[in-house]
There are 2 protein chains.
Amino acid sequence: MAIFANDPTRTSWLDVPADSDFPIQNIPFGVFLTRDDIITIGTRIGDTAIDLGAMHQLGYFSNIPLTDDIFLQDSLNDFISDGKNTWRAVRNRIAEVFDNANPELRDNPEHRSIILFDLDEIEMQLPVHIGDYTDFYSSREHATNVGSMFRDPENALMPNWLHLPVGYHGRSSTIIPSGTPIRRPNGQTIAQGADRPVFGPSRRVDFELEMAFITTDANSMGEPIPIEEAEDYIFGLVLFNDWSARDIQKWEYVPLGPFLAKSFASSISPWIVTLEALEPFRTSSPAQEPQPLPYLRQPGPGSFDINLEVDLIPEEGDPTTISRSNFKYMYWTMAQQLAHHTSNGCKVNSGDMMGSGTISGPTPDSYGSMLELAWGGKRPLELPGGGTRTFIEDGDTVVLKGYSKKDGLRIGFGEVRTRLLPAISL
Amino acid sequence: MAIFANDPTRTSWLDVPADSDFPIQNIPFGVFLTRDDIITIGTRIGDTAIDLGAMHQLGYFSNIPLTDDIFLQDSLNDFISDGKNTWRAVRNRIAEVFDNANPELRDNPEHRSIILFDLDEIEMQLPVHIGDYTDFYSSREHATNVGSMFRDPENALMPNWLHLPVGYHGRSSTIIPSGTPIRRPNGQTIAQGADRPVFGPSRRVDFELEMAFITTDANSMGEPIPIEEAEDYIFGLVLFNDWSARDIQKWEYVPLGPFLAKSFASSISPWIVTLEALEPFRTSSPAQEPQPLPYLRQPGPGSFDINLEVDLIPEEGDPTTISRSNFKYMYWTMAQQLAHHTSNGCKVNSGDMMGSGTISGPTPDSYGSMLELAWGGKRPLELPGGGTRTFIEDGDTVVLKGYSKKDGLRIGFGEVRTRLLPAISL
């Protein structure tokens with residue numbers, strides 16, 4: 001079905017720089033503080049932020065059944081709860097208003113001055129209130145690499161891995177938007193061969209290159225979501241940096257999984273790009289052998305061709321791209337993850353977030369973590385400006401970027417940028 | 001410091017049956033729907049529910065700085081955010097109003113008709129909106145029993161277990177109050193020796209006898225809570241049944257921990273008993289050897305003497321008490337759990353819930369799960385009315401109860417009661 005907002009031939013009367021992640025075909029959703037310190041839901045075209053709360057008050061959405069305050073909120077949860085048809089209607093209407101040929105707002109300077117903001121006038125917030133956050137572990141290359149280093153290269157993949165999308169529950173309270181600095185965590189670690197742990201700053205702080213999807217209310221408790229319907233409950237995606245402390249993780253994770261090694265911080269990009277905007281970039285995921293059980297059989301192509309990049313910026317130095325990967329490498333699809341997650345009747349709510357797991361590609365320059373890029377510290381990365389890295393150092397900034405591109409159309413996510421500050425002293 | 005509300009000599013003008021869990025010294029907090037379908041925050045004395053929203057509107061809390069709508073909410077989160085001094089002031093004031101000698105409400109029939117409800121007129125709700133839920137694994141006996149069955153009897157406790165309170169993040173969206181029935185989950189399991197899993201109803205549904213504590217806003221992201229202050233951020237406790245599907249768990253839990261084996265349902269008792277009300281029952285936890293690292297050293301007695309009991313009620317049969325345990329058996333204290341949880345800077349919010357882990361005592365009749373009571377199916381429990389149980393069967397109801405008793409004072413939790421319904425058909 002053709003979606004008006006996705007028509008690649010259309011342009012906007014707003015300026016869109018070449019190679020912008022945010023042409024009029026994107027129309028992502030986010031939450032920001034305006035120059036007047038008002039919180040609102042908005043979208044973005046080019047480098048212009050658009051206040052949807054103001055647009056709605058000025059009548060631009062009068063043909064769509066929306067509550068008066070649907071965009072005057074500090075999270076997208078209620079809007080996401082309105083469901084897929086509403087998301088589409090709102091995206092289509094935004095595409096219409098900002099279309100090059102449409103004068104309604106273009107030629108109304110008073111309304112423009114209320115609705116439009118330069119990016120430097122606004123402050124992006126967390127786009128959703130995340131009730132529950134789950135992280136999957138769905139890159140075969142990543143699971144194999146980590147299994148080789150943490151356990152046994154001969155049996156790197158656990159016996160369950162090819163049969164189900166392994167996942168675990170994560171901590172919602174420390175998910176932060178791009179731009180928020182984080183602290184190196186303290187924690188328990190144990191030296192090789194030591195018989196007692198010590199407590200202090202982690203020495204193996206790592207990023208994880210992930211994407212995450214945001215859901216809408218999907219089911220009643222006790223009821224599964226069939227895989228054929230799963231994508232209807234996915235609002236959109238963000239870039240996701242699942243910060244990890246490898247030394248804490250290695251000591252704490254048996255037998256109940258990662259805990260404090262992850263819960264100190266997780267960063268997301270602030271604009272949620274809708275699944276609908278990504279439709280032109282749909283592609284197949286890797287062939288699955290053995291064939292999954294029927295409740296996990298993916299109906300048609302279930303992945304998306306999204307180029308991903310990790311930049312490392314030392315405190316005094318230039319950015320270096322240390323990894324280039326792609327979302328399409330993931331073995332398990334989002335629909336499989338959501339169908340599996342609800343197969344036991346687990347309730348999924350609006351604003352829940354599900355991380356993909358680290359997105360490692362097949363080659364060493366496409367690995368999605370320092371653990372893999374520098375192979376557990378054994379192959380330090382050389383930085384072009386001098387110096388090396390095995391893990392992330394104090395003062396380093398990590399930037400994840402992502403975009404899809406095809407036939408001249410580019411739909412991107414912007415970035416998630418996070419600086420690591422030193423541990424607090426004890 | 002003496003707390004007025006805890007004075008054991010005082011009695012109420014409300015009827016309190018002998019052996020009630022809710023004398024005037026308890027004053028727990030909960031949320032309920034009244035006969036008029038209004039949601040309110042309340043407390044309970046004997047078998048009378050007390051509408052704190054109505055009491056506040058009628059001026060009974062006018063000497064305490066509270067917002068007008070603090071009790072007219074569908075969760076206790078905001079009240080809990082007000083902090084320890086407010087909790088104490090409100091409990092003391094309730095103790096005063098319902099004291100035998102106080103006529104202000106006792107002799108005001110109009111106010112009594114607005115404020116007081118019989119238990120069968122109200123419907124208890126979840127008392128808090130749980131942002132994040134963590135489950136610990138802090139009973140040495142339980143960890144040893146499970147480690148023996150799931151892994152290796154010779155090395156049942158993992159090397160980290162005596163050094164830190166092992167825990168993992170759980171699913172908030174499926175935490176339900178007492179009385180809500182649950183469904184047997186479907187999921188992937190693998191038969192002994194099989195090379196492929198199957199999908200279908202779990203055949204090893206189990207309860208876990210736990211308690212859980214509810215926190216208030218405790219810290220800023222990045223900052224730890226010192227163990228000496230940890231209890232200041234604990235509002236109170238509930239009984240907690242951490243429903244588990246052992247066959248799903250065994251297959252899915254490596255390497256990232258339990259996921260769908262737990263997230264189908266978790267049940268809590270609806271009245272939060274404050275830590276302050278439990279003060280008379282404070283006791284020491286088991287000696288810890290090796291001594292924990294300094295950030296985990298418990299300052300003084302950190303446990304509570306709370307008798308626990310598990311009743312099993314077959315669909316057509318009488319209740320049988322299948323386990324008697326005690327909260328004081330836990331190796332790690334709540335303060336240690338909270339200090340550890342925040343040692344990496346993880347932010348804790350009002351309404352977060354932290355489960356103790358299964359509370360197994362030293363003897364087989366004090367084990368806190370069917371897995372242990374029937375030793376992985378090898379020692380079926382005989383039910384007095386006939387029949388046996390290795391795990392929970394469709395139609396069974398599991399009831400957890402808990403109370404403290406000393407010098408004639410009994411402070412209890414009531415119960416958490418949950419019936420298991422058959423799996424939905426696929």
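## The interface between chain A and chain B

In this predicted model, 61 residues of chain A are in contact with 62 residues of chain B. The size of an interface is often given as the accessible area lost when the parts come together. For chain A and chain B that buried area is about 5600 Å², and carbon and sulfur atoms give 64% of it.

Polar pairing also spans the interface, where 22 residue pairs are in polar contact, both residues being at pLDDT 80 or more. On the side of chain A that touches chain B, two or more residues come from each of β6 (133-136), β7 (167-170), β10 (186-189), β11 (198-201), α7 (246-252) and α8 (334-342) of chain A. Of these elements β7(A) gives the most, with four residues. Sorted by class, this side of chain A holds 31 nonpolar, 22 polar and eight charged residues. Four salt bridges are counted between chain A and chain B, and one of them joins the side chains of D352(B) and R171(A), with N to O at 2.7 Å.

## The surroundings of D352(A)

D352(A) is placed in the loop between α8 and β22 (353-355) of chain A, and its relative accessibility is 0%, so it counts as buried. The side chain of D352(A) makes a polar contact of 2.7 Å with the side chain of R171(B), and it also reaches the backbone nitrogen of N349(A) at 2.8 Å.

Leaving aside residues up to four places away in sequence, D352(A) touches G131(A), D132(A), F213(A), I214(A), T215(A) and K347(A) of chain A, together with R171(B). Among these neighbours, F213(A) returns below as the bridge partner of L237(A) in β14(A).

## Salt bridges within the chains

In chain A, the side chains of K405(A) and D19(A) meet at 3.2 Å, N to O. K405(A) belongs to strand β25 (residues 397-406) of chain A, whereas D19(A) is in the segment before β1 (30-33) of chain A, and the two are 386 residues apart. With a relative accessibility of 44%, K405(A) counts as partly exposed.

E276(A) and R88(A) form another salt bridge, with their closest N and O atoms 2.7 Å apart. Because E276(A) lies in the loop between β17 (273-274) and β18 (282-283) of chain A and R88(A) in helix α3 (residues 84-97) of chain A, the pair ties together parts that are 188 residues apart in sequence. Both E276(A) and R88(A) are buried. A network of salt bridges in chain A links D206(A), E208(A), D242(A), R246(A) and K262(A).

In chain B, R35(B) forms a salt bridge with E121(B), the closest N and O atoms being 2.8 Å apart. R35(B) is in the loop between β1 (30-33) and β2 (39-45) of chain B, and E121(B), 86 residues apart from it, is in the loop between β4 (116-118) and β5 (123-124) of chain B. R35(B) counts as partly exposed at 40% relative accessibility, and E121(B) likewise counts as partly exposed, at 27%.

## Strand β14 of chain A

Strand β14 (residues 234-241) of chain A has eight of its eight residues buried, so it is largely enclosed by the rest of the structure. Strand β13 (residues 209-215) of chain A runs antiparallel to β14(A) and is joined to it by seven bridges, with F213(A) having L237(A) as its bridge partner.

Two bridges join β14(A) to β17(A), again antiparallel, and here L237(A) has V273(A) as its bridge partner. Strand β16 (residues 266-268) of chain A is likewise joined to β14(A) by two bridges in antiparallel orientation, and I268(A) is the bridge partner of F240(A).

## An open sheet in chain B

Chain B contains an open sheet of five strands in the order β9-β26-β25-β20-β21, with mixed pairing. Its edges are β9 (182-183) and β21 (320-326) of chain B, each of which has a single partner strand, so one side of each is left without a neighbour in the sheet.

The partner of β9(B) is strand β26 (residues 409-421) of chain B, which runs parallel to it and is joined to it by two bridges. Within this pairing, R183(B) has L421(B) in β26(B) as its bridge partner.

Note on methods: Residues are numbered from 1 along each chain as its sequence is written. Chains are lettered from A and ligands numbered from 1 in the order in which they are written. This is a predicted model: local features need pLDDT of at least 70, side-chain atom pairs count only at pLDDT 80 or more; totals for chains, interfaces and linings use all residues. Side-chain values use heavy atoms; hydrogens and water are left out. Contact means heavy atoms within 4.5 Å. Buried area is the accessible area (1.4 Å probe) that two parts lose on being put together, summed over both. A polar contact is a pair of N or O atoms within 3.5 Å; within protein, one must be able to donate a hydrogen and the other to accept it, and residues adjacent in sequence count only if both atoms are side-chain atoms. Ala, Val, Leu, Ile, Met, Phe, Trp, Tyr, Cys and Pro count as nonpolar, Asp, Glu, Lys and Arg as charged, and the others, Gly among them, as polar. Two strands pair if DSSP finds at least two bridges between them. Buried means under 20% relative accessible area, exposed over 50%, partly exposed in between (1.4 Å probe, protein chains only).
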